[in-house]
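Here is a short report on one protein chain. Please keep the sequence and the model open while reading.

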Amino acid sequence: MTATTATPVVAPSGMTNSLTTGRLPRWVPWTLLGASWAVLLVVFGMVAASSDTELNVPAAIFLGTVLFDVLLFVTAYLVEGIRQARDRFVTSLVVTAFILALLPLISLLFTVLTNGLARFDLAFFSQSMRNVVGEGGGALHAITGTLLITGMAAIISIPVGLLTAVYLVEYGRGGLARAITFFVDVMTGIPSIVAGLFAFAFFSLLFDDEGIRFGFGGSVALSLLMIPVVVRSSEEMLKLVPNELREASYALGVPKWLTILKIVIPTSIAGITTGVTLAIARVIGETAPLLLIAGFTTSMNYDLGADRMMSLPVFVFNQYANPGSNVDPYLERAWTGALTLILIVMALNLIARLIANIFSPKLGR
């Protein structure tokens, strides 16, 4: 006898129907996710309207994603079976974790944008707060101070951190290398205010001035926070360079220092640049150390070695913590200062990516 095989049911258009073959179409998960969000937004909107409160969009999105997990599992179980339902459920949990991680960031960006655009004008970037009470004024002095202080901190930290990482990877052996690694790890976790207190105490003793405040002291305080990040990130990038490249260079008679300079560092320059950018982003928003050693002022100051110097984090703190009788102008300047700080960090990341693309080794075929 000849065995007969069953032919699948084919739709008139010539395409197999996914629902009749035990497989969900690709559009079903996205439809369920959109429908879950829409339902929870409607429910939260009704609750907000009845209680005269604001619509909590992040909570609605999160609970809608949880509802999506349940609906996708039930739908996949009914159509595809328990095995595929479990697989889709685990995948939906990963998506839920991703959305949960993004919600605070998106909410923060939305809040800063909506509140910071009120004073995002030419006056804010071209004027200082000298002799300004109430409306008007700007943050030019704070932006200038942030760029000068952070730039000097980078000039101090990048060479020290990179050379330390080179020593640990290429030369470091024995107790000294272990001690450096230990102290770098300890410095990574020190509170920022401790760095500010150290810089304040150091320069107070050095210049015998208990009320000393100047920008260079803020750069030193920030460099204490920046150096460990540069060391650790650069060290990991240097370790990723294959030893075969070093050995090939040594086989050609190239000395070790030139191998490091021409082979190791150029190969890892993309990762090193990214680590340096992360270190700058780590310190550019610090408030406590700059409040202690750099102080605050309403006037322009281009000299890191003399007088108080304002920075954007301290500017935002001062505008928010010490408003005048009319609170709105101070809060608007604080939000715009926070938005400007975020834009500076974004610009630094873009510059780091550009530098990494330009100087990273080109792989030919």
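## The annotated domain

The name comes from a record: an unreviewed UniProt entry gives residues 143-352 the annotation "domain: ABC transmembrane type-1". The model itself is predicted.

## Overall architecture

How many helices and strands does the chain have? The secondary structure comes to 14 helices and zero strands. Read from the N terminus, the elements run α-α-α-α-α-α-α-α-α-α-α-α-α-α. The radius of gyration is 29 Å, well over the 21 Å that the globule rule gives for 365 residues, so the chain is more spread out than a compact globule. Along the principal axes, the C-alpha atoms fill a box of roughly 105 × 75 × 35 Å.

Contacts reach across the sequence. Take the contacts between residues at least 6 apart in sequence: 71% of them join residues at least 24 apart.

## Surface and charge

Of the 365 residues, 37% count as buried. The chain exposes about 21200 Å², and carbon and sulfur atoms supply 69% of that area.

The charged side chains number 21 positive and 21 negative. The centres of these two sets lie 13 Å apart.

## Transmembrane annotations

The unreviewed UniProt entry also carries the annotation "transmembrane region".

Residues 91-118 are 93% helix and 0% strand, with end C-alpha atoms 41 Å apart. Residues 334-356 are 100% helix and 0% strand, and there the end C-alpha atoms are 33 Å apart.

## The N-terminal helices

Is Glu54 buried or exposed? Its relative accessible area is 74%, and exposed means over 50%, so Glu54 is exposed.

Ala60 lies in helix α2. Its relative accessibility is 0%, so Ala60 counts as buried. Which residues does Ala60 contact, leaving aside its neighbours within four places in sequence? They are Leu40, Leu41 and Phe44. Phe44 is 16 residues from Ala60 along the chain, and the two C-alpha atoms are separated by 6.5 Å.

Next comes Arg88, placed in helix α3 (residues 82-116). This arginine is buried, with a relative accessible area of 15%. Beyond its neighbours within four places in sequence, Arg88 is in contact with Arg23, Leu24, Pro29, Leu72, Ala76 and Glu80.

Leu261 lies in helix α10 (residues 256-267). At 47% relative accessibility, Leu261 counts as partly exposed. Leu122 is 139 residues away along the chain, and the C-alpha atoms of Leu261 and Leu122 are separated by 45 Å.

Thr273 is found in helix α11 (residues 269-284). Its relative accessibility is 11%; buried means under 20%, so Thr273 counts as buried. Not counting residues up to four places away in sequence, Thr273 touches Ala352 and Ile355.

## Two aspartates with positive phi

Where does Asp208 lie? Asp208 is in the loop between α7 (192-207) and α8 (215-239). Its phi is positive, about 55 degrees, although Asp208 is not a glycine. At 71% relative accessibility, Asp208 counts as exposed.

Asp307 is found in the loop between α12 (288-293) and α13 (312-321). Its phi is near 65 degrees, again a positive value in a residue other than glycine. Asp307 is exposed, with a relative accessible area of 58%.

Notes: Residues are numbered from 1 along each chain as its sequence is written. This is a predicted model: local features need pLDDT of at least 70, side-chain atom pairs count only at pLDDT 80 or more; totals for chains, interfaces and linings use all residues. Side-chain values use heavy atoms; hydrogens and water are left out. UniProt positions are given in the numbering used here, feature names are shortened, and annotations may be inferred rather than shown by experiment. Helices (H or I, at least four residues) and strands (E, at least two) are DSSP runs, numbered from the N terminus. Buried means under 20% relative accessible area, exposed over 50%, partly exposed in between (1.4 Å probe, protein chains only). Contact means heavy atoms within 4.5 Å. The radius of gyration is taken over C-alpha atoms; the globule rule is 2.2 Å times the number of residues to the power 0.38. Accessible areas come from the Shrake-Rupley method with a 1.4 Å probe; for residues, only the protein chains shown count as cover. Lys and Arg count as positive and Asp and Glu as negative; His and the chain ends are not counted. The place of a charge is taken as NZ of Lys, CZ of Arg, CG of Asp or CD of Glu.
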